[in-house]
Amino acid sequence: MISSAQEQHGGDGRLTFVNAKAEDLSFIEDESVDLVTAAQSAHWFDYEHLWPELARTLKRGGSAAFWYPSLTHEIDEYSAVPTRNLGQYWEQPGRSILQDHLQSRVYYVGDHYSTTGPNPAIRLTPGASEEMREVILRKIMTWRELENYLRTWSALHTFHAKHPEDRDHADGDIVQRFMRRLKEGVTDELKSPSDQVEVESPLALIMIKKAL
């Protein structure tokens, strides 16, 4: 991932990429950072050790923002259902923490998830002040970019390590088969690898600010 980032963004010298744990930011000076962000990694953090590092490195009034995106319903089902697809190949407990949205009190999930019934996707805390809002995170990408993104998932690499024969499946590997299922409801004019699609990401947010 760092090699890919350096190829795409490291050439102008404005960005530096470092391989380090979030809980050990020893390469960053005290009170030198304005903003810390994290997305599809924050559910792995050891917060007992992370908070002191953020308190040390953030400037007075500095902020931290972590977001926990899910994905458009079909992609989320492909990634999460334990008994099929890639659901059982994610590392735990991080994936479960991500799927539970850290029990956030504000859910930017629109109508993607049920909050009622015998098995609600999000369990609201009785008596808590909680809100359900429209999805605010969307991304336009080509079919090719979407497939490339799906191929970065650690669950896919674990799946192929356990099922190497899938790479030579007559109908393509699990990603290619899933991409075909996604395109089933799309007209032929919009199935080219360069055609664009919109992916919605139901979202939970954690935002903090260091005292002045």
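Residues are numbered from 1 along each chain as its sequence is written. In this predicted model local features need pLDDT of at least 70 and side-chain atom pairs count only at pLDDT 80 or more, while totals for chains, interfaces and linings use all residues; side-chain values use heavy atoms, without hydrogens and water.

User: How many helices and strands does the protein chain have?
Analyst: Helices (H or I, at least four residues) and strands (E, at least two) are DSSP runs, numbered from the N terminus. From that end the elements run α-β-α-β-α-α-β-β-β-α-α-α-β-β. The totals are seven helices and seven strands.

User: What percentage of the residues of the protein chain count as buried?
Analyst: Buried means under 20% relative accessible area, exposed over 50%, and partly exposed in between (1.4 Å probe, protein chains only). The protein chain has 212 residues, and the buried share is 37%.

User: Which residues does methionine 179 contact, leaving aside its neighbours within four places in sequence?
Analyst: Contact means heavy atoms within 4.5 Å. Met179 is among the residues with the most contacts inside the largest core. Beyond its sequence neighbours, its partners are Trp143, Leu146, Glu147 and Leu150.

User: How are helix 5 and helix 7 oriented to each other?
Analyst: Axes are lines fitted to C-alpha atoms, for helices over the stretch in contact, and angles run from 0 to 180 degrees between N-to-C directions. These two axes come within 11 Å and cross at roughly 140 degrees. Angles under 35 degrees count as roughly parallel, over 145 as roughly antiparallel, 65 to 115 as roughly perpendicular and the rest as oblique. Helix 5 and helix 7 are therefore oblique.

User: Which residues of helix 7 make the contact with helix 5?
Analyst: Helix 5 contributes Trp143, Leu146, Glu147 and Leu150. From helix 7 come Val175, Gln176, Phe178, Met179, Leu182 and Lys183.

User: Is threonine 57 buried or exposed?
Analyst: Threonine 57 lies in helix 2 (residues 47–57). Leaving aside neighbours within four places in sequence, threonine 57 touches Leu25, Ile28, Glu29, Asp30, Glu31, Ser32 and Val33. With a relative accessibility of 1%, threonine 57 is buried.

User: What is the phi of glutamate 31?
Analyst: Glutamate 31 sits in the loop between helix 1 (2–9) and strand 1 (33–38). Its relative accessible area is 38%, so glutamate 31 is partly exposed. Its phi is positive, in a residue other than glycine, and is near 45 degrees.

User: What is the relative accessible area of lysine 210?
Analyst: Lysine 210 is in the segment after strand 7 (203–209). Apart from neighbours within four places in sequence, lysine 210 contacts Glu31, Ala55, Arg56, Leu58, Lys59, Arg60, Gly61 and Gly62. Lysine 210 is buried, at 16%.

User: What distance separates the C-alpha atoms of methionine 1 and threonine 152?
Analyst: Methionine 1 is in the segment before helix 1. At 83% relative accessibility, methionine 1 is exposed. Methionine 1 and threonine 152 are 151 residues apart along the chain, and their C-alpha atoms are separated by 8.7 Å.

Definitions and conventions
A nonpolar core is a set of buried Ala, Val, Leu, Ile, Met, Phe, Trp, Tyr and Cys residues joined through side-chain atoms within 4.5 Å.
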